[in-house]
Amino acid sequence: MKQKVTIIGTGLGGLASGLWLIKQGYEVEFIEKNDKPGGRLNQIKKDGFTFDTGPSFFSMSYVFKEFMEKCNMELPFKFVELDPLYSVNFRGSNKTYHLYKDIKKLAAQFQEQEPDFEEKMRTYLKKSKALFEDTFDIVIRSNFENLFDYCTSLLRVNPKHLPVLFKTFWQHVNSYFTSSEVRQIISLVAFFLGRTPFDTMAIYSLLSYTEFQHDGYYNVEGGMYTIVNSIVDELIKCGAQFTYNTEIVDVEREAKQITAVVDSKGNRYSGAIFLSNADAALFRGRVLKRAKYDEAHLAKMEWTMGYLTFYIGVNEKLPQLNLHNYYLGTNYEEYALNVLKDPDTLQKPYYYVNAISKCNPDCAPEGCESLFFVCPVPNGQYKKDWSDRDQIVDSILTDFSERIGVDIFPKIATRTVYTPQEWEAKFNLYKGSGLGLSHKMMQIGGFRPANFDEEFKNLFYVGASTIPGASLPMAIISAELATQRIAKAFPAY
Ligand SMILES: Cc1cc2nc3c(=O)[nH]c(=O)nc-3n(C[C@H](O)[C@H](O)[C@H](O)COP(=O)(O)OP(=O)(O)OC[C@H]3O[C@@H](n4cnc5c(N)ncnc54)[C@H](O)[C@@H]3O)c2cc1C
C-alpha cells in the first residue's frame, strides 16, 4: 500500500515537496488555508489586469531545472532571463542606473562615480564567488542532524572566510567601493533577505555572485504564477488531492506520532506522514502549542521586515519604466538603520516597482500597464496601526509620478493594497513579516527551526522559516531536504 503524506500549506516548498513525493510513489494530500495554491507566490486578477502578488523574479534557475530532473520531468514553465537585472533611480536625480550582467557595460554606468569600477567589481565578485562555492553545498544544500553536526559541517568551510562572519554586508561592500551610489546599489541585494545591509552578515555577499555572474535573475513566461499552475496541474494529473479554505489549528497525537491534523471547524484529517509548509516556528508554537515557541519566545526571535505591497492597473503605457525598478532616496544609511522599526521612514519611502506587463503583455489590457509596488515597512511588531495605509500609498504614488514625469492618479484603473496585516491574515506570516525568520547567525543552519520535528517522528517541515531560508530557489532546496528526510524515514513502499 502507498504511504500517504499530508501536506499543510501549498506554498512553493509544499508544492515542490508534493511533486517529488508523488513521483516517487507516495500518495499526497494538501490542506490549504486559502482558496487557491501558491502561498506568497500568488496572483491577483482584477478589472482585466493580472499581478504577481509576491515574488517577481528569482536567481539560481538551475535549482529549478535540477529539481525537475529529479522528478523525471521537463521544466513545466519557461524562464525569461533578465538583462539588465534591474534599474535604480535616486530621488532628485534624472539618471537611471541599469544593472547589466556584462561587467564592462555595468562599469560604464559608474564611469563618473567610480572610475575603476570594473577592476573593483571583479575583485569583489571573486570573493563573492569563493564564498558561494565554499558554502553552498556544505551549508545551504545540506541537512543537519543536530547542532553538533552543523558545527562540524562549518569546520569544512575554508577558514579564510572567517572574517566575513564578523562584518556586515555594508562594511564588506565599503571595503571594495568608495562611491556612495555604488555602495548602495551593490548592497541592495541584502534587502532581498528581508533585512538591511547594516544587519546582514557579509557572508551573504555571495548573493552578488549569484545575481551578477553565476546565473542572474529570471522571470517566467506568462508571469510568476505560471510556476504554481504548472506544478499543481502535474500534481492533479498524478492524483494529488487538494482541500482549500481549511486552516489547521490542532493535531491529534498518539505517543510520538501525529495521527491527524484538525482544522478550525473541528474536522480531522488522519494520515501517516505530515509535512508542514506553514511557518516552521509558528506551527510549533500555535498549532503544536510547544512552550519553546510560545508567543513570548516568538516575539524574541528575529523576524524579517514587513512589506506594503500594492497592485495598480494604469490606463496608459509607461515607456519610462523598466521591468524591475528601484526608487531610492538620499539618506540610505539613516533609512536602512530605521526601516525595520520606525514607521517614520515612510515619510520618505524607498520602494520597488515591477511592471509585469513589460515582459508579459497579456497581464494588462491593450495600451495599459500592470504595476506591482513593494515598499519595505516595519512588521506588525513595530507598526500595529495601518489606518494610514491609503495616505502612505498615495504619497508613494505622488513620488513615483514626479520621478517618471507622469501624474498616474487620473490613469489608475484598479488598485489593491496589502499591508503586513493582510500578509499575516492571508498566509499566517508572523506579524506580517514578509520573509519569515531572519537569516542572522543564530537563526541559520543548525540554529534554524529544524525540518524534522523534535517530538513527533512523522512530522516534517518545509519552507522559508526552516532550512535553508527565504526565496523561491531556497523553497525548492527546502523541499529537496525535507523529502530526503521523509524518504529515509518512511520509504515509499
Ligand atoms: C512581497 C514579497 C516579495 C517577494 N519577492 C521575492 C522575489 O522576488 N524572489 C524570491 O525568490 N522570493 C521572493 N519572496 C519570498 C518568497 O515568496 C518566499 O520565500 C516563498 O514563496 C516562501 O515559500 P514557502 O514554501 O515558505 O511557503 P509560503 O508561501 O509561506 O506558503 C505557505 C502556505 O501555507 C498556508 N498555511 C499556513 N498556515 C497554515 C495552516 N495552519 N493551515 C493550512 N494552511 C496554512 C499558507 O496559506 C500558504 O499558502 C517574496 C516574498 C514577499 C512576501
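Colleague: How many Å separate the centres of domain 1 and domain 2?

Modeller: The centres, taken over C-alpha atoms, are 27 Å apart. Domain 1 covers 4–77 + 221–301 + 441–489 and domain 2 covers 118–207, with bounds that come from an automatic or database domain assignment. Before we go on: this is a predicted model, where local features need pLDDT of at least 70, side-chain atom pairs count only at pLDDT 80 or more, and totals for chains, interfaces and linings use all residues. Residues are numbered from 1 along each chain as its sequence is written.

Colleague: How many residues of domain 1 are in contact with domain 2?

Modeller: Two residues are in contact if their C-beta atoms, placed from the backbone, lie within 7 Å. Here, nine residues of domain 1 touch 13 residues of domain 2 in that sense. On the domain 1 side, five are nonpolar, three polar and one charged. For those classes, Ala, Val, Leu, Ile, Met, Phe, Trp, Tyr, Cys and Pro are nonpolar, Asp, Glu, Lys and Arg are charged, and the others, Gly among them, are polar.

Colleague: Which residues of the largest nonpolar core touch the most other members?

Modeller: General idea: in soluble globular proteins, nonpolar side chains tend to be buried together. A residue is buried if 20 or more other C-beta atoms lie within 10 Å of its own, exposed if 12 or fewer, and partly exposed in between, with C-beta atoms placed from the backbone. A nonpolar core is a set of buried Ala, Val, Leu, Ile, Met, Phe, Trp, Tyr and Cys residues joined through C-beta atoms within 7 Å. In this model the largest core has 144 residues, and A16, V353, F373 and I476 touch the most other members. Helix 15 (residues 472–489) gives the most, nine residues; helices (H or I, at least four residues) and strands (E, at least two) are DSSP runs, numbered from the N terminus. Domain 1 and domain 2 each supply at least three residues to this core.

Colleague: What is I476 in contact with, neighbours within four places in sequence aside?

Modeller: I476 meets L12, A16, V63, F64 and F67.

Colleague: Now the sheets. In what order do the seven strands of the open sheet come?

Modeller: Strands of a sheet pair through backbone hydrogen bonds, either parallel or antiparallel. Two strands pair if DSSP finds at least two bridges between them. The order here is 7-6-15-16-17-14-18, with mixed pairing. Strand 7 (96–98) and strand 18 sit at the edges with a single partner strand each, so one side of each has no neighbour in the sheet.

Colleague: How many residues of strand 14 are buried?

Modeller: Nine of the nine residues of strand 14 (residues 306–314) are buried, so the strand is largely enclosed by the rest of the structure. G306, L308, F310, I312 and V314 point one way, while Y307, T309, Y311 and G313 point the other. Strand 14 runs antiparallel to strand 17 (residues 369–377), joined by nine bridges; there Y311 stands opposite F372, and L308 has C375 as its bridge partner. With strand 18 (residues 412–418), strand 14 forms six bridges, also in the antiparallel sense, and I312 stands opposite R415.

Colleague: And which strands form the three-strand open sheet?

Modeller: The order is 10-11-12, with antiparallel pairing. Strand 10 and strand 11 (residues 257–263) share six bridges, and D250 is the bridge partner of V262 in strand 11.
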